[in-house]
Amino acid sequence: MQVGGEQPRDLLSRPLRDLRVSVTDRCNFRCRYCMPREVFGADHAFLPRSELLTFEEIARVVAALTPLGVRKVRLTGGEPLLRRNVPALVAMLAGTAGVEDLALTTNGSLLTALAEPLRDAGLRRITVSLDSVDPQIFADLSDTKIPLQTVLSGIARASSVGFRVKINTVVQRGVNDAGLLDLVDYARSAGHTLRFIEYMDVGSTNGWLLDEVVPAVELVQRIGDRYPLEAVGPAEYGEVAKRYRFTDGAGEVGFVTSVTQPFCGSCTRLRLSAVGELYTCLFGTTGYDLRTPLRDGASDEELAAQVSGLWTRRADRYSEVRGARTRTLSKVEMSYIGG
């Protein structure tokens, strides 16, 4: 099945390749750049289960979008492993024609128990969000009573059952940047790929300040002073991280430069919220309701036609125009659509 015989491109000629699927808005952490407790509160009213897309509905959306070009699917949250029986969804998506890469992003707190079932279901890659390997800084940043060791044990378990684990670290000046090299040492010794992400103004509740952004060029310099680096070209179109390898052969490190070196021009990502809203940008202000036609009996072809129309009207490039006129926008929260 194809819409119009061709895979759609947006107004900037970008193809659709990646779909990020939020399976829940719930999370057991309260990271301050994502779901700060002082805003969301301990008794925050999460979405009722009836509003969430079922696994069967998610699988239908994915199957309808692969003819449009979707090849990579990433499950996110909130914390996706809080959704009951996520391995069952993984098995559905792993068997979907056209899906070539199925991954999941997690805070790692539930990985010890779920790593093997996820692997057996067909998941092949896991990314763990980890902002410090200092127990106190970890606790302060994630605002949780779950100890750092629980996450580290989950990462070790995922690696032991065969996952290629990637570590994502959001860097904030004066918050966790002093532990930069400790994270590098941990990732190098464990054989994991580490990606540093510039602190971004996602959503409207995290109190983002440009002064707290540590530019990737500074991070490269600080790491390179201890472990010499050499640049590596992108593996594919739309790759978000600027990659470097350690010259001693101990793996590689990446840098996501959304603030200082925007990459909007090659963005191929579409996001599906847990309630079936599509967002064409991480910094989106409104979503497109796909749940209603899905539940009203639309065919796969009709769903694909609606998404194709949405994509061909897309002109998002928030990071390239970030400035005074974007500060007042009421942007969707990261906890709602994932990273």
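Predicted model: local features only at pLDDT ≥ 70, side-chain atom pairs only at ≥ 80, totals over all residues.
Phe-196 belongs to strand S6 and Phe-255 to strand S9, so the pair ties together parts that lie 59 residues apart in sequence.

Those two strands lead on to the sheet. It is an open sheet of 12 strands with mixed pairing, and going across it the order reads S7-S8-S9-S6-S5-S4-S3-S2-S1-S10-S11-S12. At the edges stand strand S7 (229-232) and strand S12 (288-289); each has a single partner strand, so one side of each is left without a neighbour in the sheet. Strand S10 (residues 269-272) and strand S11 (residues 277-279) pair up in the antiparallel sense, over 2 bridges. Leu-272 has Leu-278, in S11, as its bridge partner.

Helix H7 (residues 180-190) touches strand S5 (164-171), strand S6 (193-198) and strand S8 (241-246), and its direction makes about 150 degrees with that of S6. Helix H8 (residues 216-226) also packs on the sheet, touching S5, S6, S7, S8 and strand S9 (252-256). The direction of H8 makes about 160 degrees with that of S9.

The axes of helix H3 (residues 86-94) and helix H4 (residues 111-121) come within 8 Å and cross at roughly 20 degrees. Angles under 35 degrees count as roughly parallel, so that is how H3 and H4 run relative to each other. Their crossing is right-handed. On the H3 side, Val-86, Pro-87, Val-90, Ala-91 and Ala-94 take part, and they meet Pro-117, Leu-118 and Ala-121 in H4.

Helix H2 (residues 55-65) and helix H10 (residues 300-312) have axes that come within 9 Å and cross at roughly 70 degrees. Since angles of 65 to 115 degrees count as roughly perpendicular, H2 and H10 are therefore roughly perpendicular to each other. This crossing is right-handed. Here Arg-60, Ala-64 and Leu-65 in H2 meet Asp-300, Leu-303, Ala-304 and Val-307 in H10. The residues of this contact divide into 5 nonpolar, no polar and 2 charged.

Terms used
Residues numbered from 1 in each chain as written. Heavy atoms only, no water. Axes fitted to C-alpha atoms, helices over the stretch in contact; angles between N-to-C directions. Helix = DSSP H or I, 4+ residues; strand = E, 2+ residues; numbered from the N terminus. Parallel < 35°, antiparallel > 145°, perpendicular 65-115°, else oblique. Left-handed = near helix turned anticlockwise from the far one by under 90°. Contact = heavy atoms within 4.5 Å. Nonpolar A, V, L, I, M, F, W, Y, C, P; charged D, E, K, R; others polar. Pairing = 2+ DSSP bridges.
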